[in-house]
Amino acid sequence: MAWTNYQIFLAVLMVVTGSLNTLSTKWADVLNAVGDPKYKTYPNPRSFDHPFFQAVGMFIGEMSCLLVFKLTVSYKKYKDQPMDIGPQNFSPLVMLPASLCDMTGTSLMYLGLTMTTASSYQMLRGAVIIFTGLLSVGFLHRKLYCFHWTGIFSVVVGLAVVGLADIIFGEKGDTDTNGIIAGNLLIVMAQIVVAVQMVYEERFLTKYKMPALQVVGWEGVFGFLFLSFLMVPFYYINAGELRPENPGHRLEDAIDAFYQMSNNHILIAAFVGNMVSIAFFNFAGVSVTKEMSATTRMVLDSVRTVVIWVISISLGWEYFLALEVLGFVLLLCGQCVYNDIICTPFLRRKGLCLKCLKTDEEEPHSEPLINEAGDEEYAPQSTNSINA
């Protein structure tokens, strides 16, 4: 069936805003600006090395999703149109654990992004499949079939290839191999936290039938409040060589970030781009899942990775590495096999399906991603978190 104009608009919006979210964050990382004048022994201008500060901006963008949800509900009531928003018999504090996971995972990923390339950052996020699969077995009592393990194995190999490409070619240009390795490890470690968040949402939040935009919005509220508070102790924590570009080696220096933004207005554009893009990306992602399918959403997310890759190379932020192409293909194949889309259904139709790719008809292998009301559910089988 051909896509409608609205579906095409949603697909383009998801790819564009998703790409802009990663690119605007990396753009801020590579920009230089004069910072706090009290750091006279440090070079000025210097790079904008403030990942936790940028994470605060992302949570502001997520908070706007709650505003969109409230406005939508009010509009539907005004027009006397039905809208399924669930029973709404919950305390917002039920989102607190998921918000803390979101805050931790995002902060670690943004910290890793300051050390590695935008394309590697996007690809390595695919590691979430591994940890959601394992955690779903232990905490959700899910059964992983052979094709799930096949997909996980392909993802592991793909991650190893991407990491190997960074190690082998990491010294090309002005990059630091040790820094790239540390950044990649931080991004992969962050996926453990993201997986915990997804499993928690599946275990505790879906029973309330909460609309996805409402969940994202409340997670943004709590993430913003907690991370803003943590800016104070972060200022006094000496992170040593983990933060070599940050004056005083502070874990985070929000004061210096404000100084740099005031001295380079392009940084403000990048920071605002991060906030706006994450809001529209969440809206587009939820809408694509509702209007089309989770399969379409995963394919579009892969297109997003390619867009980020091409733009990063064209801007000179990184070099083309043929080995990364192989890693990307392995990651994409692993995601398709794990989610039982494209690869295994095709083999079944052709009668070429191996025994390890078959499922029990009496016991479905995956949970639906869309409920009868059309609201997105949080299933660990899906690698497409509603957060960027």
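This report describes a predicted protein model, from its overall make-up to single residues.

## Basis of the model

The model is predicted: local features need pLDDT of at least 70, side-chain atom pairs count only at pLDDT 80 or more, and totals for chains, interfaces and linings use all residues. Residues are numbered from 1 along each chain as its sequence is written, and side-chain values use heavy atoms, with hydrogens and water left out.

## Overall make-up

The protein has 13 helices and 2 strands. Both kinds of element are DSSP runs, numbered from the N terminus: helices are H or I with at least four residues, strands are E with at least two.

Of its 388 residues, 53% count as buried. Buried means under 20% relative accessible area, exposed means over 50%, and partly exposed lies in between, with a 1.4 Å probe and protein chains only. Among contacts with a separation of 6 or more, 79% join residues 24 or more positions apart.

## The nonpolar core

The largest nonpolar core has 62 residues. Such a core is a set of buried Ala, Val, Leu, Ile, Met, Phe, Trp, Tyr and Cys residues joined through side-chain atoms within 4.5 Å. Helix α10 (residues 265-291) gives the largest share of this core, 8 residues. In soluble globular proteins, nonpolar side chains tend to be buried together.

The residues with the most contacts inside the core are Phe-48, Phe-53, Leu-159, Leu-227, Met-231 and Leu-267.

## Helix α3

Helix α3 covers residues 96-113. At 1.5 Å a residue, its 18 residues should span 26 Å. The expected span is 1.5 Å times one less than the number of residues. The end C-alpha atoms are 25 Å apart, which agrees.

Of the 18 residues of α3, 13 are buried, so the helix is largely enclosed by the rest of the structure.

## Where α5 meets α6

The axes of helix α5 (residues 128-139) and helix α6 (residues 146-169) come within 9 Å and cross at roughly 145 degrees. Axes are lines fitted to C-alpha atoms, for helices over the stretch in contact, and angles run from 0 to 180 degrees between N-to-C directions. From α5, the contact uses Ile-129, Ile-130 and Leu-134. From α6 come Trp-149, Ile-152, Val-155, Val-156 and Leu-159.

By class, this contact has 8 nonpolar, no polar and no charged residues. Ala, Val, Leu, Ile, Met, Phe, Trp, Tyr, Cys and Pro count as nonpolar, Asp, Glu, Lys and Arg as charged, and the others, Gly among them, as polar. Leu-159 of α6 is also one of the core residues with the most contacts.

Gln-191 is found in helix α7 (residues 177-205). At 2% relative accessibility, Gln-191 is buried. Leaving out residues up to four places away in sequence, Gln-191 touches Met-109, Leu-124, Arg-125, Ala-127, Val-128 and Phe-131.

Met-189 also lies in α7. At 46% relative accessibility, Met-189 is partly exposed. Met-189 and Val-128 are 61 residues apart along the chain, and their C-alpha atoms are separated by 9.4 Å.

## Residues in loops

The loop between α2 (51-78) and α3 holds Asp-80. Asp-80 is exposed, at 70% relative accessibility. Its phi is near 55 degrees, a positive value in a residue other than glycine. Gln-88 sits in the loop between α2 and α3 as well. Gln-88 is partly exposed, with a relative accessible area of 28%. Phi of Gln-88 is near 60 degrees, again positive in a residue other than glycine.

Thr-41 lies in the loop between β1 (32-33) and β2 (46-47). Thr-41 is exposed, at 73%. Gly-248 is 207 residues from Thr-41 in sequence, yet 9.8 Å away in space, C-alpha to C-alpha. Phe-320 lies in the loop between α11 (294-314) and α12 (322-338). Phe-320 is exposed, with a relative accessible area of 52%. Leaving aside its neighbours within four places in sequence, Phe-320 is in contact with Ile-313 and Val-325.

Conventions:
Contact means heavy atoms within 4.5 Å.
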